[in-house]
Amino acid sequence: MVEYNGTFVASDSNAPALKGVVDANNTTRKVTLNFDRELDLTTLGNSSNYFIDFQKANSSTVERRSLPADVQVRAIDGGKGVVLQFPEFIDGTRVNFDGSV
């Protein structure tokens, strides 16, 4: 093993924070998230970076899961936000944002 003596600088050590109100629209099934700073567009557009709390119809169990593959992710505002376009149904349950987003 080779010893290294030097300085390491991490320029991006803080996670982004949501800025303002999350806009969830039941009619269009779109959720808009705005962040406090510009993010890398590849990271922002990667659906595996987002999770939802999902409750199937006729069930009392809420499960945290990654976004389904058919949710479209689109970066907006030069990388300071993202729009998530949900399908009409997920696992047979109609998509509805009940105010818990």
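Student: In what order do the elements of the protein run from the N terminus on?

Tutor: The order is β-β-α-β-β-β-β-β-β. Helices (H or I, at least four residues) and strands (E, at least two) are DSSP runs, numbered from the N terminus. The protein holds one helix and eight strands. This is a predicted model, in which local features need pLDDT of at least 70 and side-chain atom pairs count only at pLDDT 80 or more, while totals for chains, interfaces and linings use all residues. Residues are numbered from 1 along each chain as its sequence is written, and side-chain values use heavy atoms, with hydrogens and water left out.

Student: Why is Glu38 called exposed?

Tutor: The relative accessible area of Glu38 is 56%. Exposed means over 50%, buried under 20%, and partly exposed in between (1.4 Å probe, protein chains only). Glu38 is therefore classed as exposed. This residue is found in the loop between strand S2 (30–34) and helix H1 (41–44).

Student: Which residues does Glu38 touch, not counting residues up to four places away in sequence?

Tutor: Glu38 touches Gly78, Gly79 and Lys80; contact means heavy atoms within 4.5 Å. Glu38 and Gly78 lie 40 residues apart in sequence, yet 6.9 Å apart in space, C-alpha to C-alpha.

Student: Which strands stand at the edges of the open sheet?

Tutor: Four strands form this open sheet in the order S1-S2-S6-S5, with antiparallel pairing. Strand S1 (23–25) and strand S5 (72–76) stand at the edges; each has a single partner strand, so one side of each is left without a neighbour in the sheet.

Student: Which residues touch the most other members of the largest nonpolar core?

Tutor: Of its 16 residues, these are Leu33, Leu67, Val82, Leu84 and Phe86. A nonpolar core is a set of buried Ala, Val, Leu, Ile, Met, Phe, Trp, Tyr and Cys residues joined through side-chain atoms within 4.5 Å. S2, strand S3 (51–55) and strand S6 (81–85) each supply at least two residues of this core. Leaving aside neighbours within four places in sequence, Leu33 is in contact with residues including Leu18, Val22, Val82 and Leu84.

Technical notes:
Pairing = 2+ DSSP bridges.
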